[in-house]
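Subject: Structure for you to look at

Hello,

Please find the structure below, with its sequence. My notes on what was found in it follow.

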Amino acid sequence: MAAPIFRSFSWGRWSGTLNLSVFLPLGLRKAHSGPQGLLAAQKARGLFKDFFPETGTKIELPELFDRGTASFPQTIYCGFDPTADSLHVGHLLALLGLFHLQRAGHNVIALVGGATARLGDPSGRTKEREALETERVRANARALRLGLEALAANHQQLFTDGRSWGSFTVLDNSAWYQKQHLVDFLAAVGGHFRMGTLLSRQSVQLRLKSAEGMSLAEFFYQVLQAYDFYYLFQRYGCRVQLGGSDQLGNIMSGYEFINKLTGEDVFGITVPLITSTTGAKLGKSAGNAVWLNRDKTSPFELYQFFVRQPDDSVERYLKLFTFLPLPEIDHIMQLHVKEPERWGAQKRLAAEVTKLVHGREGLDSAKRCTQALYHSSVDALEVMSDQELKELFKEAPFSEFFLDPGTSVLDTCRKANAIPDGPRGYRMITEGGVSINHRQVTNPESVLVVGQHILKNGLSLLKIGKRNFYIIKWLQL
């Protein structure tokens with residue numbers, strides 16, 4: 001295929017994405033960056049961290065967002081590389097940033113890096129990412145697209161505020177890179193980048209000084225990210241890139257590339273990175289990812305992650321991870337200060353995030369699991385599905401048995417291989433070490449009773465000692 005042709009800006013697929021205020025007289029395009037401005041509001045929440053470039057452009061960033069949104073909405077994108085088959089909590093702030101912009105009437109693009117994931121972004125990394133096979137990247141990209149679309153649907157359905165929102169679109173950059181030939185691409189693109197500038201980026205400098213160094217593939221990543229920005233600018237009128245604070249160098253490369261080719265200004269917005277209590281960035285590479293895919297982290301586990309946030313983090317997280325107005329967050333925190341033992345702020349935080357990620361059903365599931373595990377609620381156990389029980393008791397063996405007449409507590413424990421054979425296993429029951437559905441049983445010869453030992457959903461939760469659980473599904477009751 002021929003090298004990409006660089007041309008002046010065109011309207012692209014979305015009519016109305018070019019902000020015509022750049023052509024207005026200066027007096028009519030005064031920046032609107034006061035307390036009520038969109039960027040100022042998100043800065044106050046702590047969601048938007050840095051803006052680039054802050055000054056010196058023909059039109060400054062606040063003007064794009066705070067004047068005539070309905071007539072000239074902006075287009076903003078954020079990239080997500082499919083290095084795994086699920087997003088994680090570390091991605092959520094960037095998504096919340098996109099959603100807040102969408103809620104203000106702007107069009108947003110979630111870009112899946114089906115091509116760039118094969119190179120690996122060196123930003124914030126101390127060593128090169130393990131290379132991924134092509135088919136695995138494709139499978140991960142498909143999974144990420146589904147995850148992003150599900151989150152956007154939950155946002156649209158459950159968090160509507162009566163305003164007219166912009167659009168949410170998911171794209172994959174493999175759609176344009178698979179049509180490129182390497183030499184043609186380098187000939188057309190490579191001459192617009194200066195090695196000195198690329199080498200000066202902090203992410204590059206840190207890697208070059210490390211023992212492992214940096215591969216050419218990683219080094220070229222920032223060029224492809226810059227080209228992504230250019231492509232979306234040309235095709236969709238995208239003037240703003242959103243990313244984590246570790247992406248600022250890559251965003252700068254995109255700005256310089258576009259400005260050099262078109263003379264137009266584009267912008268970057270960063271969001272803070274979420275770290276663990278040890279200061280490590282949350283994510284797959286650090287081994288501490290809290291996934292958004294239910295198969296990897298259940299709604300209950302996601303809910304508990306936020307419920308367990310310490311008091312000194314919960315107010316900040318309410319501002320970052322929810323759409324709650326700041327006055328409402330202030331009220332929640334006032335109640336929390338009066339009764340911190342109720343964990344009211346953490347529970348509200350966990351509920352808002354779980355509902356966004358897993359929908360209303362997912363939040364209900366998380367609450368059922370919480371009641372069943374931490375409050376020994378038999379009612380919650382009775383309405384739990386097989387899936388929920390498996391999620392809640394991940395390490396617990398799951399068995400399916402036919403219920404024979406006269407089956408006893410001892411028979412059940414032995415069938416499930418929950419106690420040793422012989423007198424020792426018998427004594428474990430008589431000495432109070434066994435419970436079924438949160439009720440202690442001490443008579444090994446007791447016959448199982450439906451409605452007591454066997455719940456109406458056909459399940460029995462067997463607990464041996466303090467932490468060993470066994471799940472039994474009774475068939476053909």
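I will begin with one side chain: Arg-138 has a relative accessibility of 49% and therefore counts as partly exposed. The cut-offs are under 20% relative accessible area for buried and over 50% for exposed, with partly exposed in between, using a 1.4 Å probe and protein chains only. Before the rest, note that this is a predicted model, in which local features need pLDDT of at least 70 and side-chain atom pairs count only at pLDDT 80 or more, while totals for chains, interfaces and linings use all residues. Residues are numbered from 1 along each chain as its sequence is written, and side-chain values use heavy atoms, with hydrogens and water left out.

Salt bridges

Arg-138 forms a salt bridge with Glu-135, with 3.7 Å between the closest N and O atoms. The term stands for a side-chain nitrogen of Lys or Arg within 4 Å of a carboxyl oxygen of Asp or Glu. Glu-135 is partly exposed too, at 44% relative accessible area. Both residues lie in helix H4 (residues 134–158), 3 residues apart, which is about one turn of the helix. An α-helix has 3.6 residues a turn, so residues three or four places apart point the same way. Helices (H or I, at least four residues) and strands (E, at least two) are DSSP runs, numbered from the N terminus.

How many salt bridges does a search of the whole structure find? The search gives 18. Another of them joins Lys-49 and Asp-50, at 3.4 Å from N to O. Lys-49 is partly exposed at 39% relative accessibility, and Asp-50 is partly exposed at 30%.

Arg-294 and Glu-361 also form a salt bridge, their closest N and O atoms being 3.4 Å apart. Arg-294 sits in the loop between strand S6 (267–271) and helix H12 (299–307), and Glu-361 in helix H15 (residues 344–374), so this pair ties together parts 67 residues apart in sequence. Arg-294 counts as buried, at 19% relative accessibility, whereas Glu-361 is partly exposed at 43%. Through shared partners, salt bridges join Arg-294, Glu-361, Arg-368, Glu-388 and Glu-391 into one network.

A charged residue without a salt bridge

Glu-382 lies in helix H16 (residues 378–382). This residue is buried yet has no salt bridge, and the nearest side chain of opposite charge, Lys-456, is 4.3 Å away. For charge, Lys and Arg count as positive and Asp and Glu as negative; His and the chain ends are not counted. Leaving aside neighbours within four places in sequence, Glu-382 is in contact (heavy atoms within 4.5 Å) with Leu-455, Lys-456 and Asn-457.

Helix H12

Of the 9 residues of H12, 7 are buried, so this helix is largely enclosed by the rest of the structure. The buried ones are Pro-299, Phe-300, Leu-302, Tyr-303, Gln-304, Phe-306 and Val-307. They pack against helix H3 (89–103), helix H13 (311–321), H15 and helix H17 (386–392).

Regards
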